[in-house]
Amino acid sequence: MIAPSILSADFAHLADELDAVIGADWVHVDVMDAHFVPNLTLGLPVVEALLRVTDIPVDCHLMIDDPDRWAVGYAEAGAYNVTVHAEAAKDPVAIARDLRAAGAKAGLSVKPGTPLEPWVDVLKHYDTLLVMSVEPGFGGQSFIPDVLAKVRTARHLVDTGHLRLLVEIDGGINNDTIELAAEAGVDCFVAGSAVYGADDPAKAVAALRDRAAR
Ligand code: DX5
Ligand code: ZN
């Protein structure tokens, strides 16, 4: 699955930018609060507006403090998947329960330096695992290949029936790195600059899908 990140889109024309990625499986929306990460993007009112103009499932990546308080609002608004950061969540099991009760899939994300092992039991309550392959906060950074070890661990836990979740990767995904990530066992690839930096975003989505399937 390919999830274009609108972080690299034209924020003055977001509805058009969603139309430009016809064929995408999900659209990835990066919510940043200038506290959990050193950047500020958009919040619930903008997500609500996006949900009104697209049929593509919306994948909200919350890079915010206190997701225990804010995450469920995105699920109630109709986001398909809502991901919170393991490093920010106080009670991640309760968050997953609330997200699912509100009708969304629950996602847990780990930054590049955060190990997976302490979170394996918590992940039993989640539907998606978002492995960050750059430090969260900005688009256009270089892929950190070390995180593929976590992808392989997660893939193994899923394939052996210990976890039931989609493995998602976010950061520095392009036509080259997507092959490495696919080989390691990623199910869903987020790509910002590789899609919206291209002349034809829909073609870029198709090219990424093609490379991931090799
Ligand atoms: C970074 C965001 C990513 C970002 C990826 O913190 O979570 O979703 O949009 O951008 P690229 O694909 O350009 O690395
Ligand atoms: Zn993201």
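This is a predicted model: local features need pLDDT of at least 70, side-chain atom pairs count only at pLDDT 80 or more; totals for chains, interfaces and linings use all residues.
Hi everyone, thanks for coming. The protein chain averages a pLDDT of 98, and 100% of the residues score at least 70. For the model as a whole, ipTM is 0.99 and pTM is 0.98.

Now the overall picture. The protein chain holds nine helices and eight strands. Its C-alpha atoms fill a box of roughly 45 × 40 × 30 Å along the principal axes. For 214 residues, a compact globule would have a radius of gyration near 17 Å, and the value here, 16 Å, agrees with that. Of those 214 residues, 48% are buried.

Let's go to the strands, and begin with E5, residues 105-110. What covers the story here is burial: six of the six residues of E5 are buried, so the strand is largely enclosed by the rest of the structure. As a reminder, in a regular strand the side chains alternate between the two faces of the sheet. In E5, Lys105, Gly107 and Ser109 lie on one side, Ala106, Leu108 and Val110 lie on the other, and all are buried. Do notice that Lys105 is in that buried set.

Who are the neighbours of E5? On one hand there is E4, which pairs with E5 in the parallel sense over five bridges. Within that pairing, Thr83 stands opposite Gly107 of E5. To get from E4 to E5 the chain passes through H4, and this β-α-β crossover is right-handed. On the other hand there is E6, which pairs with E5 in the parallel sense over four bridges. There, Leu108 stands opposite Leu129, and Val110 has Val131 of E6 as its bridge partner.

That brings us to E6 itself, residues 128-132. Five of its five residues are buried, so E6 too is largely enclosed by the rest of the structure. Thr128, Leu130 and Met132 point one way, Leu129 and Val131 point the other way, and all are buried.

Which strand does E6 pair with over five bridges? That is E7, residues 166-170, and the pairing is again parallel. Leu130 has Glu168 in E7 as its bridge partner.

Most residues other than glycine have a negative phi, and most peptide bonds are trans. Two residues here have a positive phi without being glycine. For Ala34, phi is near 65°. Ala34 sits in the loop between E2 and helix H2 (44-53). Is Ala34 buried or partly exposed? Ala34 is partly exposed, because 13 other C-beta atoms lie within 10 Å, and a buried residue needs 20 or more.

The second case is Asp66, whose phi is near 55°. Asp66 lies in the loop between strand E3 (58-63) and helix H3 (67-77). With 15 other C-beta atoms within 10 Å, Asp66 is partly exposed as well.

For contrast, look at Ala89, in the loop between strand E4 (81-85) and helix H4 (92-101). Here the count is 21 other C-beta atoms within 10 Å, so Ala89 is buried. Where is Ala89 relative to Gly192? The two are 103 residues apart along the chain, and their C-alpha atoms are separated by 25 Å.

To wrap up, E5 and E6 are both largely enclosed by the rest of the structure, and they pair in the parallel sense.

Methods
Residues are numbered from 1 along each chain as its sequence is written. Chains are lettered from A and ligands numbered from 1 in the order in which they are written. pLDDT is the predictor's confidence in each residue, from 0 to 100. A residue is buried if 20 or more other C-beta atoms lie within 10 Å of its own, exposed if 12 or fewer, and partly exposed in between; C-beta atoms are placed from the backbone. Two strands pair if DSSP finds at least two bridges between them. The radius of gyration is taken over C-alpha atoms; the globule rule is 2.2 Å times the number of residues to the power 0.38. A crossover is right-handed if, with the strands pointing away from the viewer, the path from the first strand over the helix to the second runs clockwise.
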